[in-house]
Structure formats: structure tokens, C-alpha cells
Amino acid sequence: MSEAPHSSPAASKRRIPVSQPGMADPHQLFDDTSSAQSRGYGAQRAPGGLGYAPASASPQEAFLADPVSNMAMAYGSSLAAQGKELVDKNIDRFIPVTKLKYYFAVDTMYVGKKLGLLFFPYLHQDWEVQYQQDTPVAPRFDVNAPDLYIPAMAFITYVLVAGLALGTQDRFSPDLLGLQASSALAWLTLEVLAILLSLYLVTVNTDLTTIDLVAFLGYKYVGMIGGVLMGLLFGKIGYYLVLGWCCVSIFVFMIRTLRLKILAEAAAEGVPVRGARNQLRMYLTMAVAAAQPLLMYWLTFHLVR
């Protein structure tokens, strides 16, 4: 028998397998699936299939394609609106946010004029608060209107200046600074409560609100800052001179401001000028104005040595 000729090793090495349709190249490390994916995506997104609506679809077609999600979004939006309304009502019940916006409606020109009015009230003539349709205008349009921006900034500055004064005397400590701030707030709270109780006892019908009282009583911090700063720069003499001027200024400012809030209401009610109730209103106005210089001295005298 004749044996079949054996192929040489070189010939077997040169033998290259023929690739068949649908089979990958044996020398390729990764399969090329881009064409298959494109064909698959195209089949999934074909019109009339169960995939997403085409990008060029109209809003009506998108709504009909997925009505459940649209209904859920509408229901969620209504719940969010109801929750926001409920939160706003509860916040306004305890914290009058809408009223607070009025007291912070100030600008740079108003702040400058108000500070000048606090230091030099003798030069001011018209103390009437301007109204527009039975509503007082914003503070930035009327220098006589009360605001909370100056009292708030003055209180913070007063605490910082007190810390500076204590530091220059080697007496600074966080506890002492906190005691200084808390005592100032405590005296302010006591003032407001005492005035409200007095107004109730003398049966005064006035539009003077609690926020107005906080604003008017907070203006004394401006004079306290000036007195302490002058005390740090020029010693006791500078402190007493500047604080004395500020005490007289705040006394005049409070008299001319509160008499329009308390005594003017009495005149509108037909109370006689020399009546007993009207005298009580006048004494109350004088007492509130006289308490401001006393508290200004009490809260600052220990800061200057």
C-alpha cells in the first residue's frame, strides 16, 4: 500500500482558516458588536414598538405614550404647592416674615440719614410717618419709619466693640462676652414687656406694635457704640462727652417719636389734653425716653477704665 504523502510542517503553518460569514476573525481580540447594537437599537425604537417615543413626537403623543408618569408628576406638583402653602401659613403665624421684610427694606441713603437723625435729632422738623393707602411706606422712602436693620447691626457691633474693650484691658473671655450680649438682650426684652404692660394698663389704643418697640429701643445701641469707641481712644473724658451727647439725643428722639404714636392717638380718640388718662400717656412716654440713657450708661460704664 502506498502511504499518503505527509505534509511538511512548514505547509501546516502556512494554512490559514477560511472565515465564514457570521464568524469573527480568529486574530481579533474583541468582537465588533457596534453593528449588532445599532441593529438592535433600531429594532427596539422602531415606530409602533414598545420602546420610547421618538424625539420628534408631539407633546400629545408623549402624554398618550406615558399617561401614568404625567399624572404622577401633576399629583406631586399639587402636593408640593399645598405643602408650601401650609408651611407659609404656619411660619407667618409664629414669625411674621412678611412684616419683617418691611422693617429690613432699607438702603444706604436711608441708613446715613437715620444715623444723622439719631445723633442730631434737634435739626429735624417733620416727624410724621408717611402713609400710602393706609399703609406706611417702606423705611427707604421715609426716614421717620422704624427699621430693624440698624438695631440689629448696632447690637452685633456693640458686642464686638465690647469684646475689643475687654481685650484691651486683658479681661476678655468668651463667657464674659456672652454675658454681655445676653444681658443686653435681657434688658431689651424687659423693656418691651414693661411698655406693653403699661400700654395695657392705661388702655392706650395705638398702632405701635411689638416690632416697632424693638426697633425704637434698639436705636440706643448706636450711641453706646460711639461712647465705648471714644472711651477706648480718649479715655474716660471722651467716653462721658460722647455718651452724654448720645443720651440727650436718644431722649429727644424717643420723645418726638413716641408722642406721635401715643399722644396723637389720644387726641384722635377725643381725650382732653389735660385729662388724667392723657397725663398717664405723657408720663409713659417720658419714662420710656428717660430709661434709654440710664440703660446706655449701665451697659457700657464697666467697659471703659
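Visitor: What is the accessible surface of the chain, and how much of it belongs to carbon and sulfur atoms?
Guide: In this predicted model, the accessible surface comes to about 20,300 Å². Carbon and sulfur atoms account for 66% of that area.

Visitor: How many helices and strands are there in the chain?
Guide: The chain has eleven helices and zero strands.

Visitor: What makes Asp170 count as exposed?
Guide: A residue is called exposed when its relative accessible area is over 50%. Asp170 has 72% relative accessibility, and therefore counts as exposed. Its place is in the loop between α7 (149–168) and α8 (174–201). The phi angle of Asp170 is near 55 degrees, a positive value in a residue other than glycine.

Visitor: Why is Trp298 called partly exposed?
Guide: The term partly exposed applies between the limits for buried, under 20%, and exposed, over 50%. Trp298 has 49% relative accessibility, so it counts as partly exposed. Trp298 is found in helix α11.

Visitor: Which residues form the nonpolar patch on the surface?
Guide: The patch is formed by Trp187, Leu190, Tyr240, Tyr297, Trp298 and Phe301. Together they have about 620 Å² of accessible area. Helices α8 and α11 each supply at least two residues of the patch.

Visitor: Which residues have the most contacts inside the largest nonpolar core?
Guide: They are Tyr158, Tyr219, Tyr221, Phe253 and Met254, in a core of 50 residues. At least two residues of this core come from each of α6 (108–119), α7, α8, α9 (210–218), α10 (220–268) and α11 (276–298). Helix α10 gives the most, with 15 residues. Apart from this core lies another, of six residues, among them Tyr103, Ala145, Ile211 and Ala215.

Visitor: What does Tyr158 touch, not counting residues up to four places away in sequence?
Guide: Tyr158 touches Gln180, Ala184, Tyr221, Met224, Ile225, Leu299, Thr300 and Leu303.

Visitor: Which residues does the UniProt annotation "transmembrane region" cover?
Guide: According to the unreviewed UniProt entry, the annotation covers residues 148–167, 179–201, 213–233, 239–259 and 280–299. In the model, residues 239–259 are 100% helix and 0% strand, with end C-alpha atoms 30 Å apart. Residues 280–299 are 95% helix and 0% strand, and their end C-alpha atoms are 28 Å apart.

Visitor: How much of the chain is buried?
Guide: Buried residues make up 31% of the 305 residues. Among contacts with a separation of 6 or more, 75% are between residues 24 or more positions apart.

Terms used: Residues numbered from 1 in each chain as written. Predicted model: local features only at pLDDT ≥ 70, side-chain atom pairs only at ≥ 80, totals over all residues. Heavy atoms only, no water. UniProt positions renumbered as here; feature names shortened; annotations may be inferred. Helix = DSSP H or I, 4+ residues; strand = E, 2+ residues; numbered from the N terminus. Buried < 20%, exposed > 50% of the residue type's maximum accessible area, 1.4 Å probe, protein only. Core = buried A, V, L, I, M, F, W, Y, C linked by side-chain atoms within 4.5 Å. Contact = heavy atoms within 4.5 Å. Patch = residues over 30% accessible without salt bridge, like charges linked within 9 Å, V, L, I, M, F, W, Y side chains within 5 Å. Areas by Shrake-Rupley, 256 points an atom, 1.4 Å probe, with all protein chains shown as cover. Salt bridge = Lys/Arg side-chain N within 4 Å of Asp/Glu carboxyl O.
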